[in-house]
Amino acid sequence: MTMHPLLRRWQGRLRRREMADLLVWAPLMLAAMVFLVSRFAPARFVIGSIGLAIAVLVFLLVRAWLRIDATSAIRQLDALSPELEDSADLLLGSMAERSSLQVLQRERILARLSQHPLPAIARAPMPRFVVAIGAVLVILIFASLFPRMDEREESKPGAAATAETPVSTQTVIRSVRLAIEAPAYTGLPPRTESVLEAEVADGSRLAWQIQFEPDPKAVKLVFHDGKELALTEGEQGWHAETVLTDSTLYRIAVSGAPVLADDRLYRLDAIVDLAPEIKVVAPDKTLTQLELGQRQWPLYFEVTDDYGIGDAKLAITLAQGGGEQVTVSERSERLRADAGGDARQRRYRRHLDLGSLGFAEGDDLIVRLIVTDNRRPGANEARSAGYILRWPVDLSRESEGVDGIVQKVLPAYFRSQRQIIIDTEALIGERAQLADDRFMARSDTIGVDQKILRLRYGQFLGEEFESGDRKPHSPGDAHDDAPTQQDALSADHDHEQGADSATGFGKADNILAEFGHTHDHAEAATLLDPATKKTLKAALAEMWQAELHLRQGEPAKALPYENRALDLIKQVQQSTRIYLARVGLELPPVDESRRLSGERKGVTDTRGVLVEAEDDLKVISETYQTLADGSSGDLEAFSSWLRAPSTALPDTLGLIAAVDALRRQPDCASCRSNLLDRLWAVLPNPPTVSRSRGTPDASGRRYLERLQQEPPA
Amino acid sequence: MSALQWATIGLLVLASLVGIWRALRLRRARGVVDVVGPPLMAILLWLVLYPPMIEKAQVEAVVLTPGVTDQQLAQLDSSSPIVALPGVIAADRSIERAPDLATALRRHPAFGSLRVLGDGLPERDRDSVDQRGLSFEPGTESRGVIELESPAVVRAGSLWTMQGKVAGVEGGQVRLLDRSGGVAAHAAIEESGRFRLFAAARTPGEAVYRLQVLDAAEAVIEELPLGVVIAAGDSLNTMILAGAADAETKYLRRWIIDSGSTLASRISLSRGIEQRQHDAELSAASLEKTDLLVTDERGWAGLSESGKALIRDAVEHGMGLLLRVGGSLSSKTRSEWAELGFHIESTDLARSSRLLSAGADIELTRMPLLISGEASVPLLTATDGSVLARWRAFGQGRIALWLPLDTWRMSTRGDKARYGTLWSNTFSILARARGATQPLLPRAPRVGQRAAICGIGADAFIEDGQAQRHRLLIDSEAGNCAAWWPAQAGWQQLVDADRRVPIFVLAAGEAAALMRQEIRAATRQLVRPPSVAAVHRAEMPRWPLFLAWLLASAGLWWWQRSRRSEP
């Protein structure tokens, strides 16, 4: 269909108008929607929504364009120009099929149109829904400008932090680098931590590198035992180095800057290198009888250590002869470990050829394994118990019939004081031929014998063995599995093994109840009269001194003490009178002025014989009760009590740190509860208390009275 | 009758009068029906509106309670009415739900006997059962602790025992964890599900333990808190009169002093030589101050007649007396002690006996004597059932006869706590009553559940963990009791005058198996057969009455229409 150019121009104007009207509101509204989406949705939705908005806009424009077709353009032209006399449609189509009247009319309106310009097109009013939706969008956008509730809460502390840091009321640790280099023998790789606390092998080298904000003038590490370590400033921050030999707590003290934001005690745990553990697989008992026709004695040891096992030596002692004619020959040989297995766990096998050792009837062959680890300086040494192979004097006679009945008693093997003196003298004689370390080792061995003897005599004074506290570096160490010399000594110690599953573990008292008996009743040990006790005490003191010098490799200095100890022991042996103490009998001195006068007036024992026992650990329960009641009490005093060297608790460092935390923040509930938890774990068991029963009321009293008056049936 | 009913009657009477008047006036042909009809209609309408009460047989209702199994739900008979109490999870929406049993019974007067499925009726519903018959079918088996018996108050330093029963755990164990996370006690669960734990009480205060039930794979099945008050001791004034020094006296004296009691003692050593601690003279004044006197047969024999009379008198006035038998008794001592209420016979019992004390089997030596005495109670019993010690009330005081000779071995063996527990029990029973009477506290109170506290003063109140006070409404008529609904779990203090008594409250969801078991046990108590002729009065159904009214009024209408069209 052909259109008159005039009509075509009109249609173009109409279309532009329509699109302009649309462009007034649609892009703005779509942009508002996209903005709303971008407030709440993730980025990909925003991109999608932009695309969608453009698509919608294009669609709306195309629709507006298409809506203005020829018919609607003619209708609008007719409506707007009355002079066209509703004949604008004549401008459309070809002239061929028109009637003459139509042609005439067309000419007329064309002439009118050429006289008058095309009418102006009014701007279309905005659709009504635009206003409504626009208002909603404005409200939504306004609402979306407020921060969300959770955003607001999240942002608060962050805002506070950012606000505080620059104000610099507190110094903040910006970065921490703690380089840990374990001793070379452990084979542990060096590592770095980014925290101030660590568990490291004993003897490790620690290097701190700390950066502060703001930078202080001087920094030092203050350890809980009072030592201080100053940090020096370098390019990478403040640094210092030290070698850790014991578990400790420390605090960072800054000067020339505000206090640290997190000013607390940091903990360094030193993991102690333990001595190797020896497990004797064969022989399975300490005293083995030689079997008929036995040629060899198989030995099998398993040794474990935490970092690696060093040398292993087998000490072989052959005791020959009987009665007074015992000759002892000693030798030692290095053992080679079985192939395979890592350095931490080794097995040693040895078949002793009895013939080549000169083992004969009536002899005892005693072996013990001595293992060292690689610790430097001062390797840990572990010794197994002595294992004895005995060739009985008359094997055939003794093992008849009653073999199962005869209880073979294991004697306690320890050297006499006289033997120690002989050994010491021999060692002094050989001084010139011996290398230093060999001399030192032999002197130390005699020192161990001296210690065993001292402990043996100490029992008579009611002393307990030196056990319990594990000293990892001392050679005569006790082991869990392997029986030791101490166990052998305590064979007469009949520890009852009443396995009691009901008692909890980790309780000192319960362990004692399960495996032993107490020796801490001073009265129970008074088997000797005071004079003998005094002599014996003096003998022990001499032995202490002898042991001291022997352990230091000075046998010559030890000799006089050994001799004096021998003299004193002889005196004790000669004193025949031994008294049994009667309970609590401590008679006061006789008052001569009253003697035989019969005057008893005013004689009273006001103090009493028994006094209440003092308990060192009472301070723990007192502190616990004060803290549990909600007050703080004297934490200062408790803290200094904890730091005292005499305090031996399972986790003293942890307790000190917990006390310190509470002292710094007295109103911190979790610190208080943490301290209470730790205190609870070390609370002593108090003596059991009694309670009075409730007083009966009037009717109860009357009931009891009536009961008493009732005649017995 | 209500005003509404009167109004209805008025309207009905008026309507029937109008009906009669219209029938008589408008129509010529009158009949009896015209007069009788309207009142009859009115009466029938009245019956439709207010049906008469008739007697009806009651039905058995099924009450679903929490813990009902799916199987039980599937087997429900649809013919009997079903009501679900709160907490029942049932997919079937058609089951009626009731906030409590009383509401359900009010809604349905036809409910006669009840058939309770599930865990049973909680405390609030038990009273509403009233005299109804009740049968109970428990639902799902519980898993965890279903019985627990533990002391609320233990003496500091003593070994305390708790026991209980676990259901649904095969070959597991129970552990008691203290506040530091350490294991205070542990025990294997027996085949019957029972367990016993022994723990040592330490420093006085309020302790919270956690009881863990572990299965065979050591996985935690249940964990529940356990509040124990560790009580500090009272200082008792004790006096020991010993005829000779022996180990028992030595360790007893040591324990008495360590436990914070005061001790006066006199131990005869030889003729004219005594070992004394403080002033142990017998006088009325000194005995009045003494809470407990311990003596042995030699000490007793060494007393003068006046001394014995003084002791007797003091016991009547409240003192405790412990008579230890350490050797053979003279006939004089026997007769004197018989006067105190103990008859002693020599028997051929073994001197060695065994005693079970806090899980340990202890060997004790005892005198081979048989003590009897009316109104006396065993104080210590050996495992073979023979009595090692007895006590009886004598006047206001108490007397005990004690046969064991070597309890001190426990102390030397390192079992100080066990030794102390044995003697502190004995001393606490025998010593003079001086302590304050304790209020009667609820057992294991729970958040949101009613707990009763008895024996408290008029202005007692509860102080919760945040030091907030909660008033108690105390009923002095009912033994000074008050009901209390705890709102918080944990320790709360009952403050009565100047006395503070801690109470441990369980949270609502804790120890669920234990609570279910309690509810079941309480519901079982309510089980009773339904009464045979259970009837209730109910309204007659309306539909026959309505039908009658409809028929009658239709008939009357037809009658009157037919009459009108006749002329």
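Here are a few exercises on a predicted two-chain model, each with a worked solution.

Ground rules: residues are numbered from 1 along each chain as its sequence is written, with chains lettered from A and ligands numbered from 1 in the order in which they are written. As this is a predicted model, local features need pLDDT of at least 70 and side-chain atom pairs count only at pLDDT 80 or more, while totals for chains, interfaces and linings use all residues; side-chain values use heavy atoms, leaving out hydrogens and water.

**Exercise 1. Work out how many residues of chain B are in contact with chain A, and what area is buried between them.**

Step 1: Start with contacts (heavy atoms within 4.5 Å). On the chain B side there are 71 residues, which meet 56 residues of chain A.

Step 2: Now the buried area, meaning the accessible area (1.4 Å probe) that two parts lose on being put together, summed over both. That comes to about 5,600 Å², with carbon and sulfur atoms giving 49%. Arg179(B), Arg202(B) and Gln396(B) supply 16% of the area that chain B buries against chain A, more than any other three residues.

**Exercise 2. Find the salt bridge between chain B and chain A.**

Step 1: The criterion is a side-chain nitrogen of Lys or Arg within 4 Å of a carboxyl oxygen of Asp or Glu. The count between the two chains is one.

Step 2: The partners are Asp677(A) and Arg179(B), whose closest N and O atoms are 2.6 Å apart.

Step 3: Which element gives the most to the side of chain B that touches chain A? With helices taken as DSSP runs (H or I, at least four residues) and strands likewise (E, at least two), numbered from the N terminus, look at helix 12 (residues 416–430) of chain B, which provides ten residues.

**Exercise 3. Pick out the residues that touch the most other members of the largest nonpolar core.**

Step 1: Such a core is a set of buried Ala, Val, Leu, Ile, Met, Phe, Trp, Tyr and Cys residues joined through side-chain atoms within 4.5 Å. Buried is under 20% relative accessible area, exposed over 50%, partly exposed in between (1.4 Å probe, protein chains only).

Step 2: The core has 56 residues, and Trp160(B) and Leu176(B) come out on top. Its largest share, six residues, is from helix 17 (residues 652–664) of chain A.

Step 3: Setting aside residues up to four places away in sequence, Trp160(B) touches Leu176(B), Phe198(B) and Tyr209(B), among others. A second, separate core of 34 residues includes Tyr419(B) and Trp423(B).

**Exercise 4. Is Gln105(A) buried or exposed?**

Step 1: Locate Gln105(A) in helix 4 (residues 100–115) of chain A.

Step 2: Its relative accessible area is 17%, so Gln105(A) is buried. Not counting residues up to four places away in sequence, Gln105(A) touches Leu84(A), Glu85(A), Ser87(A) and Leu90(A).
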